[in-house]
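Student: Could you walk me through this structure, one question at a time? I am new to it.

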Amino acid sequence: MRSLVFIPAWNEEASIAEVIGDVREHMPGADLLVVDDGSTDATVARARAAGAPVASLPFNQGLGAALQTGYLYALREGYQCCAHLDADGQHPASEVSRLLDEVAADRADLVIGSRYREGGGTADGDDYQPTISRRIGTNVFRFFLTLATRQRFTDTTSGMRAANRRVMALFSENYSPDFAEIESLQLAVRQGLRVEEVPVRMLERAGGSSFLTPLRSAFFIFKGLIVLLVGTFRPRQVEVER
């Protein structure tokens, strides 16, 4: 199957070349695209120097817009599968490859890499260690998304995902610029798509810093719950073709 791996990036000059190299090493058969979300540093130059094609948005529009760009590109270019991972070095490409394998085997339409499922990576050492505010937010979203969809989720904000064309078609038309990870899961389940989680290992950031402060995290949790509430009462859309 033709597969695309796309990397949404915003001011990730410190890590983007290493992430590209990791994808090339562990997924040599997949095409690669960096979606630049209006970076103001050397992200684009370093991505191109590493040999990756870059699709640049004219200004910073948020993670949701960058992800939707990747899904739309994958759909229009005729890829059967696609996957995305963060540009900060937290997502090992070897783990992303496992998600693509699940989609290629038609065991799910959308596969989420979960660091919190049994067997996922939250151990000591170089593995990802969430802050207290992230743990609180994750637990809150886990509870309410599971309640809203009647499907158990453990890692609602994971940016490591793989999808087939049904998901590409849905997300290329419907993808929120805010809280995209959470709302997209709710939307996919309500549309009858098969959404599964696979335990994965994640690492600490290789460079840069997160934009989430404790205050922003609290606002993120509050606004995310509003998004879930609104999504619960939103009418279902026409089923997308397989």
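Tutor: Gladly! Let us begin with a term: contact means heavy atoms within 4.5 Å. This is a predicted model, in which local features need pLDDT of at least 70 and side-chain atom pairs count only at pLDDT 80 or more, while totals for chains, interfaces and linings use all residues. Residues are numbered from 1 along each chain as its sequence is written, and side-chain values use heavy atoms, with hydrogens and water left out.

Student: Which residues is V44 in contact with, leaving aside its neighbours within four places in sequence?

Tutor: V44 lies in helix α2; helices (H or I, at least four residues) and strands (E, at least two) are DSSP runs, numbered from the N terminus. V44 has a relative accessible area of 17%, so it is buried, where buried means under 20%, exposed over 50% and partly exposed in between (1.4 Å probe, protein chains only). With neighbours within four places set aside, the contacts of V44 are D36, V54 and S56.

Student: How do α3 and α6 cross: left-handed or right-handed?

Tutor: Axes are lines fitted to C-alpha atoms, for helices over the stretch in contact, and angles run from 0 to 180 degrees between N-to-C directions. The axes of α3 and α6 come within 8 Å and cross at roughly 130°. That makes α3 oblique to α6, because angles under 35 degrees count as roughly parallel, over 145 as roughly antiparallel, 65 to 115 as roughly perpendicular and the rest as oblique. A crossing is left-handed if the near helix is turned anticlockwise from the far one by less than a right angle, and right-handed if clockwise; this one is left-handed.

Student: Which residue caps the N-terminal end of α6?

Tutor: Helix α6 covers residues 165–173, and its buried residues include R166. The backbone nitrogen of R166 lies 3.1 Å from a side-chain oxygen of the capping residue, N164.

Student: Which side chain does the side chain of D109 make a polar contact with?

Tutor: D109 lies in the loop between α4 and β5, and its relative accessible area is 0%, so D109 is buried. A polar contact is a pair of N or O atoms within 3.5 Å; within protein, one must be able to donate a hydrogen and the other to accept it, and residues adjacent in sequence count only if both atoms are side-chain atoms. A polar atom of the D109 side chain lies 2.8 Å from the backbone nitrogen of R194. The side-chain partner, at 3.4 Å, is R166.
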